[in-house]
Amino acid sequence: MRLRPLAAGLGPAAAFLALFSALGSADVILLDEYWVPDIVVNEVEVAEIDTLETGEAKDAQSGECSALLTNETGWPNVRFRNGASLRLNEVPAGESDVKLWYRTDAWTGKWTLGIWAYRYQVTERPMDVLQAELDGGGAGGTLLADDEWHEAKGILVKSPEYDAVPEDKPLTIFVWLRPTDGWGVPHHTYVDRIEIDVVTDETPPLEAARRVRPNPGAQAAGEDWVWWEGEDAVEHTFPPGGAYLPHNVQEQAVLSNGAWLQFHGNEGQGAKWEPVIPEAGRYTVWCRGVVYEEPFRWRFGVQPWQGWDGNQEPLDVQLYRGTDDEWDVTDAWSRLGEVDLAVGKQTFEMETSPGLLSLALDCFLITKNDFTPRGSKKPDEP
Ligand SMILES: [Ca+2]
Ligand SMILES: [Ca+2]
């Protein structure tokens with residue numbers, strides 16, 4: 001993963017910090033609407049449950065989505081990725097609570113919740129830094145198997161690799177649910193909204209990101225322009241998860257439509273969209289996202305591929321994930337090139353260049369007019 005240093009002028013958060021000098025306590029949500037299983041043990045099946053698809057609001061405790069863990073042997077053992085970013089000095093060992101919502105029809109085991117932490121260019125893998133024995137509310141801390149939502153809680157203590165990561169730097173968090181009891185019990189167990197109590201001198205806690213569902217083929221258009229979202233691709237090979245997934249509503253507010261098509265750590269990704277062109281002619285192609293120094297190629301229909309080498313300075317750079325850190329993430333506009341288009345539906349494709357490991361595509365605009373980027377505002381928005 002390559003994350004771009006924040007452009008000069010947007011500034012680090014030092015001034016911001018000064019406004020919030022009093023230490024406070026807040027619950028930070030590690031997983032709620034966006035997550036992905038990262039390591040799965042004991043043949044556990046992990047399904048994303050979307051209450052809009054099941055029609056049962058009860059299938060999630062928070063928001064609209066939950067995780068459903070099933071296996072025949074019991075012992076559901078899963079590490080999830082895409083928690084929020086945390087610093088270890090915000091979660092003092094021996095004092096900080098962690099809690100999650102669960103609902104199970106049969107599993108009366110016990111879980112230990114592990115916090116694993118990764119930092120780009122510091123650790124080679126996520127490190128085992130904190131853990132908590134969860135009390136599920138049943139005898140001896142077991143889960144309650146009445147198929148109702150319950151909260152399980154525990155206090156975090158240090159794990160063996162605590163000293164392998166810096167305490168004062170933002171870390172990418174993974175959450176590992178490891179059973180310590182409950183073998184041999186087939187079950188359906190839902191998990192939702194994992195929260196951690198942090199000591200913070202910064203902003204108040206932020207609302208968890210809301211799920212944005214792709215709407216393949218959607219677009220907005222005016223007489224001389226068409227705008228479509230990266231996440232509304234009709235086909236793509238981007239894996240789920242990814243470092244750029246929004247952690248909270250503040251990050252989502254930066255993005256067009258609150259989402260983008262993104263990944264890191266994989267090669268050979270591609271995507272296809274089908275914009276409808278209102279009028280034939282020559283258009284300029286614009287892209288918003290994390291594409292600076294991220295080479296790929298693109299084309300409309302069967303026209304020759306055009307290369308994007310990412311050497312242009314990005315325009316209208318906006319902070320997406322700021323942590324007063326050197327690895328802040330920004331969303332910015334780039335002018336990809338020009339193209340002649342016929343009227344009607346066209347395929348628009350992109351493929352990443354060999355070796356490219358990181359890309360985030362927020363939205364695209366084609367226009368016959370001059371365009372001055374203004375974040376997520378479309379050309380006809382005031
Ligand atoms: Ca949820
Ligand atoms: Ca978008």
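Me: What makes a residue count as exposed or buried here?
Reply: Glad you asked! A residue is buried under 20% relative accessible area and exposed over 50%, with partly exposed in between. Keep in mind that this is a predicted model. Take A253: its relative accessible area is 58%, so A253 is exposed. A253 lies in helix α3, residues 249-254.

Me: And where does A253 lie relative to G94?
Reply: The two are 159 residues apart along the chain, and their C-alpha atoms are separated by 35 Å.

Me: How do I read burial for the chain as a whole, and what share of the residues is buried?
Reply: The same cut-off of under 20% is applied residue by residue. Of the 382 residues, 50% count as buried. For the surface, the chain exposes about 16,600 Å², of which carbon and sulfur atoms supply 49%.

Me: Now the overall shape. Which radius of gyration does the chain have?
Reply: The idea is to set the value beside that of a compact globule with 382 residues, which would be near 21 Å; the chain has 22 Å, so the two agree. The C-alpha atoms fill a box of roughly 70 × 45 × 40 Å along the principal axes.

Me: Let's turn to the metals. Which residues coordinate the calcium ion (ligand 1)?
Reply: The protein donors here are D32 (O), D32 (OD), E33 (OE), S62 (O), C65 (O), D192 (OD) and D192 (OD), lying 2.2 to 2.9 Å from the ion. The spacing of the donor residues reads D-E-x28-S-x2-C-x126-D. D32 is in the loop between β1 (24-31) and β2 (36-41), and S62 in the loop between α2 (51-54) and β4 (65-71), so the pair ties together parts 30 residues apart in sequence.

Me: Are D32 and S62 buried or exposed?
Reply: Both D32 and S62 are buried.

Me: What coordinates the calcium ion (ligand 2)?
Reply: Ligand 2 is coordinated by E229 (OE), E231 (OE), E231 (OE), S256 (O), A259 (O), D362 (O) and D362 (OD), at 2.3 to 2.6 Å. Along the chain these donors follow E-x1-E-x24-S-x2-A-x102-D. E229 and E231 are both buried.

Note on methods:
Residues are numbered from 1 along each chain as its sequence is written. Chains are lettered from A and ligands numbered from 1 in the order in which they are written. This is a predicted model: local features need pLDDT of at least 70, side-chain atom pairs count only at pLDDT 80 or more; totals for chains, interfaces and linings use all residues. Side-chain values use heavy atoms; hydrogens and water are left out. The radius of gyration is taken over C-alpha atoms; the globule rule is 2.2 Å times the number of residues to the power 0.38. Buried means under 20% relative accessible area, exposed over 50%, partly exposed in between (1.4 Å probe, protein chains only). Accessible areas come from the Shrake-Rupley method with a 1.4 Å probe; for residues, only the protein chains shown count as cover. Donors are N, O and S atoms within 2.8 Å of the metal (3.2 Å for Na, K and Ca); water is not among the atoms, so sites may look incomplete. Helices (H or I, at least four residues) and strands (E, at least two) are DSSP runs, numbered from the N terminus.
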